[in-house]
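Please look first at the sequence and the model shown here, and then read the report that follows, which goes from one chain as a whole to its parts and then to the places where the parts meet.

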Amino acid sequence: MRRIISVLLENEAGALSRVVGLFAQRNYNIESLTVAPTEDATLSRLTLTTLGDDKKIEQITKQLNKLIEVVKVVDLTEGEHVERELMLVKLRAVGAQRAEIKRTADIFRGQIVDATESAYTVQLVGVSSKLDAFLRAVGELSILEVVRSGVSGLARGEKVVSV
Amino acid sequence: MELLSGGEALIRALQDEGVEYIFGYPGGAALHIYDAIFQQQAVEHVLVRHEQAATHMADAYARVTGKPGVALVTSGPGATNAVTGLATAFMDSIPMVVISGQVQSDLIGTDSFQETDMVGISRPVVKHSFMVKSAEEMAEVVKKAFYIASSGRPGPVVIDVPKDTTDPSYRVPYAYPESVSLRSYNPATRGHPRQIRKAVDLLLAAKRPIIYSGGGVIQGNASEPLIALAKRLHLPVTHTLMGLGAYPSTDPQFLGMLGMHGGYPANMAMHHSDLILAVGARFDDRVTNDPSKFCPDAKVIHIDVDPASISKIIPAEVPIVGPALPVLTELLATLEERLKEAPELVDEAARSAWWSQIEGWRSHHDFDHDQRHRNEAEAIIKPQTVVQALYRATGGEAYITSDVGQHQMFAAQYYRFDAPRRWVNSGGLGTMGYGLPAAMGVKLAFPDAVVACVTGEGSIQMNIQELSTCRQYGLPVKIINLNNQALGMVRQWQDMQYAGRHSGSVYQDSLPDFVALAESYGHVGMRVTDPAKLDEAMEEVFSPALKDRLVFLDVAVDQNEHVYPMWVRGGGLRDMMLSKTERS
């Protein structure tokens with residue numbers, strides 16, 4: 001089962017490598033990973049998506065908690081949550097394709113953020129499956145390049161992950 | 001405030017931490033630190049012959065004293081040679097601080113001479129690691145390292161020290177922090193009272209309970225409440241390889257070690273139990289055999305300071321996160337309260353039926369604690385009898401270290417440990433070459449104690465260069481070499497699983513003359529081949545005349561002997577080979 005694990009991490013050199021190393025060392029899988037500092041400059045917020053049954057996810061969260069630089073670990077998928085992923089796609093856009101891509105981007109509430117005579121770059125934000133659907137909709141032939149941010153998420157409601 | 005260089009601050013911090021010994025080996029990146037060591041007396045440096053040995057000495061020092069051991073190595077190869085020792089300590093949760101020299105900060109990342117990414121290379125086998133950024137933070141880093149190494153589930157910590165942070169010409173104010181707090185690290189200090197009450201209820205309701213304890217009871221100094229609990233409820237006790245000595249081995253309630261080479265009564269009692277009280281043990285694969293067939297009727301109460309150990313392999317009915325000592329103490333108090341109100345809660349009838357079942361297993365098959373008859377029958381020394389002779393000669397009072405292989409299992413099975421911290425071996429990682437340096441670390445910790453290393457001709461050669469260190473520092477440890485002229489445990493598996501094809505497990509007459517070898521280092525070498533002379537030789541090794549000498553006793557033992565019991569792979573704990581032909 002796909003899980004979104006959210007981690008508050010000391011914003012220190014080497015901390016990220018411990019998290020990534022743990023996943024490699026214990027043969028856990030990372031589907032996506034995103035990390036950046038938070039409003040508190042001493043902390044980074046890391047969000048990763050992984051696959052595993054309950055037993056595996058329990059071990060992952062426990063092992064993450066054991067890392068000295070990990071301040072907090074939350075499995076967002078345990079409760080209601082909001083998740084988003086950002087994608088930039090560069091698409092071949094010539095002739096009739098230009099209008100078609102524009103229409104498809106509108107349907108998916110994407111924006112064209114860069115354009116040349118032969119290419120569009122579309123920005124899309126949403127849950128990962130929506131981004132997948134967009135890629136299917138525009139078709140493989142027109143895709144030149146894709147970059148995705150990996151999933152970020154927050155719990156719904158008042159609940160917060162803090163120190 | 002006093003001004004010290006980073007190198008001096010490092011050594012002063014070790015003094016302030018109460019460190020007695022640094023086990024180490026110098027090199028370019030560590031020379032400022034070595035100069036700081038030279039200019040003080042409080043911390044003694046022990047020069048090893050190989051960095052791996054330094055880490056094992058520090059590790060064994062920690063195992064017997066409970067205080068973190070300290071090793072110091074230089075950058076590059078010095079650091080990489082320390083990795084095996086770090087992994088050994090990590091697997092057995094041993095508090096240790098390894099200080100590694102590093103090339104100066106502005107050379108890091110340039111592939112400079114003797115540069116290696118020590119923080120990176122050691123990451124999977126340390127509890128935590130630091131790279132010192134400046135002389136100013138030296139004292140605080142040392143304080144944090146010792147705190148992390150010795151609290152919670154203990155483990156090794158690396159401090160990587162770039163040479164420029166120890167520069168003698170740059171001095172900074174020194175103050176050793178009184179305490180340290182880390183917002184992200186708060187190990188449990190006691191168990192949850194509600195969980196403890198649940199555990200007491202289960203213990204009182206159980207018909208066939210058993211205590212299964214491991215290294216956590218030794219490291220957690222929880223032997224006393226463990227014994228009291230076992231006595232109070234008349235519980236059978238078994239230990240893991242790491243747990244030996246927590247409960248007195250000569251006490252009738254002790255069933256012996258469990259697991260792959262555990263005793264028949266211990267494995268049978270575990271398999272048939274209805275409640276396992278697991279304390280400071282982690283259901284390691286050498287204990288459980290096939291987890292799906294493990295103790296089918298047993299509920300589990302699992303006490304461990306590391307929450308990640310609980311329900312990792314075997315699900316726990318009652319998980320209790322906390323150190324063994326406070327948890328067991330509170331569990332005992334809760335139990336006493338319950339029994340004061342209702343003494344009838346102890347089901348005497350069930351307990352006596354359980355014990356008669358256990359006695360049945362015991363009389364069917366148990367360790368034979370005097371196998372001299374086997375020597376006589378075959379006119380060859382059986383390795384088990386060497387451990388038994390050692391036990392007799394030392395009155396069961398010695399500190400025993402071991403290497404890895406058949407001799408390690410024989411030592412665990414036949415030396416009967418009646419006190420904690422007397423049995424020192426690499427259980428988790430299984431590091432050959434551990435035994436001799438470990439014995440040296442123990443001897444330095446307790447100079448008046450009798451310390452023997454039970455080893456084999458394979459393992460001893462992995463760190464035999466330390467005979468020179470023993471000479472330099474006058475360390476009269478006793479080496480009992482079970483010499484079967486083969487890598488015995490490998491050979492045993494090849495006998496059992498590979499139709500006797502001894503691939504890579506024999507030396508083809510290349511072994512050294514161990515007596516002459518020991519003598520060349522200025523030690524005493526002895527050899528015994530005749531079973532009739534074994535006891536006499538062993539007495540001599542431990543005689544007052546040789547009290548201050550390192551004695552290397554090379555014992556020619558039966559090459560064909562296997563370690564039994566040995567479980568049948570893929571089975572439950574009850575599935576064992578009891579001899580080459582007999583199955584449980």
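Two residues are said to be in contact if their C-beta atoms, placed from the backbone, lie within 7 Å. On that basis, among contacts in chain B between residues at least 6 apart in sequence, 76% join residues at least 24 apart. The model is a predicted one, in which local features need pLDDT of at least 70 and side-chain atom pairs count only at pLDDT 80 or more, while totals for chains, interfaces and linings use all residues. Residues are numbered from 1 along each chain as its sequence is written, and chains are lettered from A and ligands numbered from 1 in the order in which they are written.

**Chain B as a whole**

Chain B holds 22 helices and 22 strands, where helices (H or I, at least four residues) and strands (E, at least two) are DSSP runs numbered from the N terminus. Its radius of gyration, taken over C-alpha atoms, is 25 Å, close to the 25 Å given for 584 residues by the globule rule, so chain B is as compact as a globular protein of that length; the rule itself is 2.2 Å times the number of residues to the power 0.38. The C-alpha trace of chain B spans about 75 × 60 × 45 Å along its principal axes. A residue is buried if 20 or more other C-beta atoms lie within 10 Å of its own, exposed if 12 or fewer, and partly exposed in between, with C-beta atoms placed from the backbone; 56% of the 584 residues of chain B count as buried.

**A buried helix and the cores**

Ten of the eleven residues of helix α16 (residues 383-393) of chain B are buried, so this helix is largely enclosed by the rest of the structure. The buried residues of α16(B) pack against α15 (372-378), α17 (406-414), β17 (451-456), β18 (478-483), α22 (534-541) and β20 (551-556) of chain B. Just after α16(B), Gly395(B) takes a positive phi of about 60°.

Leu390(B) is one of the buried residues of α16(B). A nonpolar core is a set of buried Ala, Val, Leu, Ile, Met, Phe, Trp, Tyr and Cys residues joined through C-beta atoms within 7 Å, and in the largest one, of 206 residues, Ile159(B) and Leu390(B) have the most contacts inside it. Apart from that core lies another, of twelve residues, among them Met87(A), Ile101(A), Leu124(A) and Phe134(A). Leaving aside its neighbours within four places in sequence, Leu390(B) is in contact with Tyr415(B), Ala452(B), Val454(B), Ile480(B) and Met538(B).

**Domains and where they meet**

Domain bounds come from an automatic or database domain assignment.

| Chain | Domains (residues) |
|---|---|
| Chain A | domain 1 (2-79), domain 2 (82-152) |
| Chain B | domain 1 (3-173), domain 2 (193-364), domain 3 (372-564) |

In chain A, the centres of domain 1 and domain 2, taken over C-alpha atoms, are separated by 29 Å, and six residues of domain 1 are in contact with five residues of domain 2. In chain B, the C-alpha centres of domain 1 and domain 2 lie 38 Å apart, and six residues of domain 1 are in contact with six residues of domain 2.

**Between the chains**

Across the two chains, 14 residues of chain A are in contact with twelve residues of chain B. The largest share of the side of chain A that touches chain B, four residues, comes from α2(A).
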